[in-house]
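Here is a briefing on one protein chain.

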Amino acid sequence: MDTPKLILLTTTHRVAPGLLSWPAWEALRSAPEVLVGVADHPQLAALRAAGVEPELVERPSAPALARLLLARAPAVWLESPDGDPGLTDALARIAVEEAGEHPEIELLPGSYDLPGARLLDLVTVMDRLRSPGGCPWDAEQTHESLVKYLVEESFELVEAIEEGDRETLREELGDVLLQVFFHSRIAEEDAEDPFSIDDVAGDIVEKLTYRHPHVFGDVSVTGSAETEANWEQLKAAEKQRESVLDGVPSGLPALAYAAKLVSRVRRAHFTGVPDAPYRLPAELTAETAGELLLAVAQQAHDRGVDVDAALRAAARRYRAAVRAAEGLAEE
């Protein structure tokens with residue numbers, strides 16, 4: 001005679017109800033009883049449509065619920081949306097302390113999170129924060145008021161990358177991601193031209209597909225240089241740009257702005273304007289200092305040096321040297 005079995009069926013709210021694994025559906029259809037602890041469980045409609053009618057049982061404390069479920073075996077327990085806190089621990093304790101006295105317990109995943117599924121949670125959180133009854137501060141924010149945070153978080157991310165701090169890198173990536181979702185949630189509320197995070201994601205998917213014909217089409221490339229050249233050509237055609245410098249944001253930090261302009265000029269093989277002289281001027285003025293920095297940016301680009309990152313690294317070394325001279329440890 002088979003040993004009675006209690007099956008704990010877990011599902012994820014990030015997958016549409018009813019999209020369960022075949023073993024899960026087999027367990028649900030063959031079980032003498034299917035038990036559920038909440039009346040509004042998201043899977044109920046799909047189960048009933050498939051001819052499975054779960055029985056609603058009261059959820060007492062975790063230890064009491066564990067005893068109740070073991071007494072009802074053989075049965076399938078459909079995990080509640082909150083994960084039934086403490087239930088698995090209570091069942092494990094009973095299984096160890098009273099080994100052999102109770103039915104077999106099986107944990108059966110009915111559905112799994114797909115890669116990127118936690119992004120849906122971020123959508124839900126942002127919606128809650130911006131909706132009535134949410135956070136007053138979040139509800140007051142606009143695209144304009146959030147700009148400073150986007151800039152700050154971006155620079156903090158750069159710092160984490162340059163310092164090789166993996167823990168901070170993960171945190172700062174999340175902070176930058178939050179800004180994208182925050183702006184997208186605000187955009188949904190625009191009365192004249194609303195768009196959502198799905199529109200944002202859809203647009204970038206289309207853009208990446210279009211600009212990677214060597215991956216998603218029948219174009220052949222021989223290396224990253226040719227790939228980058230194709231990207232720029234497609235981008236120019238897509239944006240209908242007149243100048244090789246169109247689209248370079250003037251709000252970039254000065255050195256990064258110069259480096260971006262040089263990069264665009266070099267990629268286009270434009271030679272109509274000579275490079276700035278790469279030498280110390282006889283007199284250092286605002287104009288000659290600017291020309292010298294531009295010349296450094298041009299020379300750095302030609303030698304494969306990220307001039308903006310190079311200056312930040314030099315500044316960090318300078319900071320460390322000053323602190324050491326002060327007798328202070330590095331921050």
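## Salt bridges and surface

Asp82 is partly exposed, because its relative accessible area is 46%. The model is predicted: local features need pLDDT of at least 70, side-chain atom pairs count only at pLDDT 80 or more, and totals for chains, interfaces and linings use all residues. Residues are numbered from 1 along each chain as its sequence is written, and side-chain values use heavy atoms, with hydrogens and water left out.

**Terms**

- Buried means under 20% relative accessible area, exposed means over 50%, and partly exposed lies in between (1.4 Å probe, protein chains only).
- A salt bridge is a side-chain nitrogen of Lys or Arg within 4 Å of a carboxyl oxygen of Asp or Glu.
- Helices (H or I, at least four residues) and strands (E, at least two) are DSSP runs, numbered from the N terminus.

**Salt bridges**

- The structure holds 18 salt bridges.
- Asp82 pairs with Arg59 in one of them, at 3.0 Å from N to O.
- Arg59 sits in the loop between strand S3 (55-56) and H3, and Asp82 in the loop between S4 and H4, so the bridge ties together parts that are 23 residues apart in sequence.
- Arg59 counts as partly exposed, because its relative accessibility is 30%.
- Arg185 bridges to Asp127, with the closest N and O atoms 3.0 Å apart.
- Arg185 belongs to helix H8 and Asp127 to helix H5 (residues 118-130), so this pair ties together parts that are 58 residues apart in sequence.
- Arg185 is buried at 12% relative accessibility, whereas Asp127 is partly exposed at 36% relative accessible area.
- Arg14, Asp113, Arg118 and Asp121 form one network, joined by salt bridges that share partners.
- Glu106 and Lys5 form a salt bridge with their closest N and O atoms 3.1 Å apart.
- That pair links distant parts of the chain: Glu106 is in strand S5 (residues 104-109), Lys5 is in strand S1 (residues 5-10), and they are 101 residues apart.
- Both ends are partly exposed: Glu106 has 25% relative accessibility, and Lys5 has 28%.

**Surface patches**

- Patches are made of residues with over 30% relative accessible area and no salt bridge; like charges are joined within 9 Å, and nonpolar side chains (Val, Leu, Ile, Met, Phe, Trp, Tyr) within 5 Å.
- Lys and Arg count as positive, Asp and Glu as negative; His and the chain ends are not counted.
- A patch of negative charge on the surface gathers Glu152, Glu156, Glu159, Glu163, Asp165, Glu167 and Glu171.
- Helix H7 (143-163) and helix H8 (166-188) each supply at least two residues of this patch.
- The largest share, 4 residues, comes from H7.
- Glu171 lies in helix H8 and is partly exposed at 48% relative accessibility.
- A nonpolar surface patch is formed by Leu119, Leu177, Val180, Phe195 and Val200, which together have about 350 Å² of accessible area.
- Accessible areas come from the Shrake-Rupley method with a 1.4 Å probe; for residues, only the protein chains shown count as cover.
- Val180 is placed in helix H8 and is partly exposed, with 37% relative accessible area.

**Annotated region**

- An unreviewed UniProt entry annotates residues 141-216 as "domain: NTP pyrophosphohydrolase MazG-like".
- UniProt positions follow the numbering used here, feature names are shortened, and annotations may be inferred rather than shown by experiment.
- Over residues 141-216 the chain is 82% helix and 0% strand, with the end C-alpha atoms 39 Å apart.

**Backbone geometry**

- Most residues other than glycine have a negative phi, and most peptide bonds are trans.
- Ala73 and Pro74 are joined by a cis peptide bond, with omega about 5°.
- Pro74 is in the loop between helix H3 (62-72) and strand S4 (75-78).
- Asp84 is not a glycine, yet has a positive phi of about 50°.
- Asp84 is in the loop between S4 and helix H4 (87-97) and is buried at 5% relative accessibility.
- His269 also has a positive phi, near 55°.
- His269 lies in the loop between H12 and helix H13 (286-302) and is exposed at 69% relative accessibility.

Conventions: Charge placed at Lys NZ, Arg CZ, Asp CG, Glu CD.
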